[in-house]
Amino acid sequence: MSEERFGEFVLVRRHEAGHVAELALDRPKAMNAISTELARSLAGACAALAADRDVRVVVLTSTHERAFCVGADLKERNSLSDAELVRQRPVARGAYTGVLELPVPTIAAVHGFALGGGFEMALACDLIVADRTAVVGLPEVSVGVIPGGGGTQLLPRRVGAARAAELIFTARRVEAGQARELGLVDTLVEEGRDREEALALAGRIAANSPVGLRAAKRALRLGHGLDLRAGLEVEDAAWRAVAFSGDRAEGVAAFNEKRRPSWPGE
């Protein structure tokens with residue numbers, strides 16, 4: 001396993017021969033509160049991972065024992081003038097969109113608090129694995145703002161408009177069991193096993209064609225919200241992009257030869 005640090009607060013670890021990248025939030029003294037520096041580093045790490053063709057899956061984790069991420073750094077926010085807040089906004093958005101626009105499958109491994117921007121980071125991922133200590137929520141209206149890291153758009157896509165409205169308007173926190181029942185997280189695991197289970201899932205996903213994974217994610221993301229006919233056109237375009245790839249040729253050959261494929265990744 002290799003490690004690379006982006007700034008002071010973001011760590012990237014490589015697993016599965018580099019095909020699984022663990023993107024770790026590493027600001028334990030502040031429960032991974034999203035400061036300007038953390039946001040800038042996270043955006044940089046995401047840009048590097050997006051450009052790395054060896055990466056097939058990204059797992060977003062936390063090094064803090066009791067929290068995934070508690071959201072925006074409100075102490076820092078309190079010190080900013082209006083003009084500074086305006087200048088900081090694109091930096092903050094860059095962190096959320098960096099995770100959201102990763103071209104490979106992404107999994108959030110959540111334990112403890114995942115609130116506000118922290119939960120929005122998880123929502124930006126394709127899948128969320130949570131342990132039984134997880135507490136999630138979007139409490140922004142309780143401090144006079146709104147979810148600004150994608151929450152008003154990502155949450156209704158996950159749980160429906162009315163459920164998202166109730167959660168956002170009440171600013172309530174949801175514990176792990178109910179979070180699973182409501183679809184706020186996808187998989188619930190025993191305490192302390194979120195990272196392990198997320199990495200194991202990532203390993204299973206990474207065994208598949210990297211060309212196929214990227215194309216499947218593109219079709220899922222671009223087709224969401226379109227009418228069926230338009231969505232099928234998105235799917236067809238993605239199929240055409242992979243149908244004549246080296247991965248497709250290798251996958252069919254490996255199937256017929258009853259062996260594991262050795263993906264060329266192109």
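## Helices H9 and H10

H9 and H10 are roughly antiparallel to each other, a label that applies to angles over 145 degrees, whereas angles under 35 degrees count as roughly parallel, 65 to 115 as roughly perpendicular and the rest as oblique. The axes of helix H9 (residues 210-223) and helix H10 (residues 228-243) cross at roughly 165° and come within 9 Å, where an axis is a line fitted to C-alpha atoms, for helices over the stretch in contact, and the angle, from 0 to 180 degrees, is taken between N-to-C directions. Helices (H or I, at least four residues) and strands (E, at least two) are DSSP runs, numbered from the N terminus. This is a predicted model, in which local features need pLDDT of at least 70 and side-chain atom pairs count only at pLDDT 80 or more, while totals for chains, interfaces and linings use all residues. Residues are numbered from 1 along each chain as its sequence is written, and side-chain values use heavy atoms, with hydrogens and water left out.

The crossing of H9 and H10 is right-handed; a crossing is called right-handed if the near helix is turned clockwise from the far one by less than a right angle, and left-handed if anticlockwise. On the H9 side the contact (heavy atoms within 4.5 Å) is made by Val211, Gly212, Ala215, Arg218, Ala219, Leu222 and Gly223, and on the H10 side by Val234, Glu235, Ala238, Ala241 and Val242. These residues divide into 8 nonpolar, 2 polar and 2 charged, where Ala, Val, Leu, Ile, Met, Phe, Trp, Tyr, Cys and Pro count as nonpolar, Asp, Glu, Lys and Arg as charged, and the others, Gly among them, as polar.

## Helices H1 and H3

H1 and H3 pack with their axes 8 Å apart, at an angle of about 40°, which makes H1 oblique to H3. H1 passes H3 in a left-handed crossing. From H1, the residues Thr36, Ala39, Arg40, Leu42, Ala43 and Cys46 meet Gln88, Val91, Ala92, Gly94, Ala95, Gly98 and Val99 in H3, and by class this contact has 8 nonpolar, 4 polar and 1 charged residues.

Gln88, which lies in helix H3 (residues 82-100), has a relative accessible area of 7% and is therefore buried; buried means under 20% relative accessible area, exposed over 50%, and partly exposed in between (1.4 Å probe, protein chains only). Leaving aside neighbours within four places in sequence, Gln88 is in contact with Thr36, Glu76, Arg77 and Leu80.

## Helices H5 and H6

Helix H5 (residues 151-159) packs against helix H6 (residues 161-170) at an angle of about 130°, with the two axes 7 Å apart, so H5 is oblique to H6. The crossing in which H5 passes H6 is right-handed. Gly151, Thr152, Leu155, Pro156 and Val159 in H5 meet Ala161, Arg163, Ala164, Leu167 and Ile168 in H6, and the contact has 7 nonpolar, 2 polar and 1 charged residues.

## Nonpolar cores

The largest nonpolar core has 51 residues, and those with the most contacts inside it are Leu23, Leu155 and Leu184; such a core is a set of buried Ala, Val, Leu, Ile, Met, Phe, Trp, Tyr and Cys residues joined through side-chain atoms within 4.5 Å. Helix H1 (residues 36-51) gives the most to this core, with 6 residues. A second, separate core of 14 residues includes Val20, Val59, Ala109 and Leu213.

With neighbours within four places in sequence left aside, the contacts of Leu23 include Val10, Leu11, Val12, Leu42, Ala45 and Cys46, and also Leu49, Val58, Val59, Leu60 and Thr61.

Gly137, placed in strand S9 (residues 135-137), is buried, with a relative accessible area of 6%. Beyond neighbours within four places in sequence, Gly137 is in contact with Ala114, Leu115, Gly116, Phe119 and Arg172. Glu175, found in strand S10 (residues 174-175), counts as exposed at 59% relative accessibility. The C-alpha atoms of Glu175 and Gly137 are separated by 8.9 Å, although the two are 38 residues apart along the chain.

Ala171 has a positive phi of about 60° although it is not a glycine; this residue is in the loop between H6 and S10 and, at 14% relative accessibility, counts as buried. Met31, likewise not a glycine, has a positive phi of about 50° and is placed in the loop between strand S3 (20-25) and H1.
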